[in-house]
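Dear colleague,

Please read the notes with the coordinates open.

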Amino acid sequence: MVYNTLMNFWQRIKAEKGMILALSPMDGVSDYPFRSISKKYGQMDLVFTEFANVEGVCLSKSTQILNHFDFDQAQRPLIAQIFGKTPKYFKQVAVLLCEMGVDGIDINMGCPAPTVSSHGSGAGLIRTPDLAREIIQSVQDGVREWGEGLLLENCPDISSQTITALRDKKKFFALTEADRQKLPTVSVKTRIGIAQDEVENWLPNLTQMNLAAISLHGRTLKQSYSGLSNWEVIAKAAAIVKQNSPNTIFLGNGDVFDYEQAKQKVTDHGVDGVLIGRASFGRPFVFLPQDKRTEFLKAHNLFAIALEHAKLYEETYGQKERYSFLPMRKHLAWYTKGVEQAALIRSELVRSNSAAEVEEILKKHQLI
Ligand SMILES: Cc1cc2nc3c(=O)[nH]c(=O)nc-3n(C[C@H](O)[C@H](O)[C@H](O)COP(=O)(O)O)c2cc1C
């Protein structure tokens, strides 16, 4: 095994395991409880947070947005994803994430949602490569300057409320005291182009930035989630990244359903690993190899896991202002996939308002 202490965690996992399997970032889905349950039962190598807007972190009066970055030791290596279009805010949020002790900072250059991309953020940055590079540089500067002693208090757009909220968080989440020797890695997740494959022109903007990793979803901005992820283009992009920036880890993404498919993509398409998103809904075991998956399904009742998830959701957010159980309901529906009487059980679960109600429904149907 080729292994040395100068490797970052991406390179180390690749060297140790031959490939990297990660939980893809998903807004409105990959919150703290989902990541906890997914990691506990799926044992994937890396988890990404859902994205948070850097303008929001810096300009919003509320500090709720910081909840996106909550994590504990079990979720490490934890990669916090951010999006936006303003370099100076990216830099300051990078400092904040360093303070939180995350392992990696990922910049979203792939979101196709009009609310994001039409303002020039997310996949909209593919249209403005100079700004995209400036943003990467700003995040890298923030990380480096934090390592050299820059304090959050010296960041002009981070409010005192945000600084206080961050200190409070440190009491509740098992963060190690931020160690200025351990700098987070900087990576980018993007798409293959705006309306067509543009990887030959777009990717060199990223590969010249000395990124730790690049993740590529094989669809264009225009495609959003229609059609299929184009793994031929991902393979071409893998070759470009290996040629231009051999130390950068390159992950492919899109329409991969389980461990074996991910492994096949690594073999056939030259990627270092794969991100799995939607296939993991209600199915944390998709990250496990077939033999472990079979063992898992023998040993665990998925509905007991659904209830554990609901309890953790309540524990995590129950005390927060504007708490709602609503976002948990979709997860409950996903856990019913493929079971007998799924429609009936789902119709009851999606009306539940608490973990106690979930427990009652599951007991009534003798599912736990
Ligand atoms: C509900 C939802 C939310 C998403 N939010 C994000 C996000 O916050 N950041 C991001 O980079 N990608 C986001 N994505 C894209 C996924 O990370 C992934 O690239 C895409 O779903 C394709 O992978 P899959 O076929 O494995 O799901 C989101 C996708 C979905 C379905």
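Which of the 17 residues around the ligand come nearest? They are P25, D27, Q81, N253 and D255, where a residue counts as near if one of its heavy atoms lies within 4 Å of the molecule. This is a predicted model, in which local features need pLDDT of at least 70 and side-chain atom pairs count only at pLDDT 80 or more, while totals for chains, interfaces and linings use all residues. Residues are numbered from 1 along each chain as its sequence is written, and side-chain values use heavy atoms, with hydrogens and water left out.

Turning to individual atoms, a backbone N or O atom of D255 lies 2.7 Å from an oxygen atom of the ligand, a polar side-chain atom of S24 is 2.8 Å from a ligand oxygen, and an N or O atom in the side chain of N108 is 2.9 Å from a ligand oxygen. The ligand taken alone exposes 610 Å², of which the protein buries 88% (accessible areas by the Shrake-Rupley method with a 1.4 Å probe).

As for the domains, the chain is divided into domain 1 (9-287) and domain 2 (301-364), with bounds from an automatic or database domain assignment. Their centres, taken over C-alpha atoms, are 28 Å apart, and 18 residues of domain 1 are in contact (heavy atoms within 4.5 Å) with 16 residues of domain 2.

Best regards

How values were computed: Polar contact = N/O pair within 3.5 Å; in protein donor to acceptor, adjacent residues only side chain to side chain.
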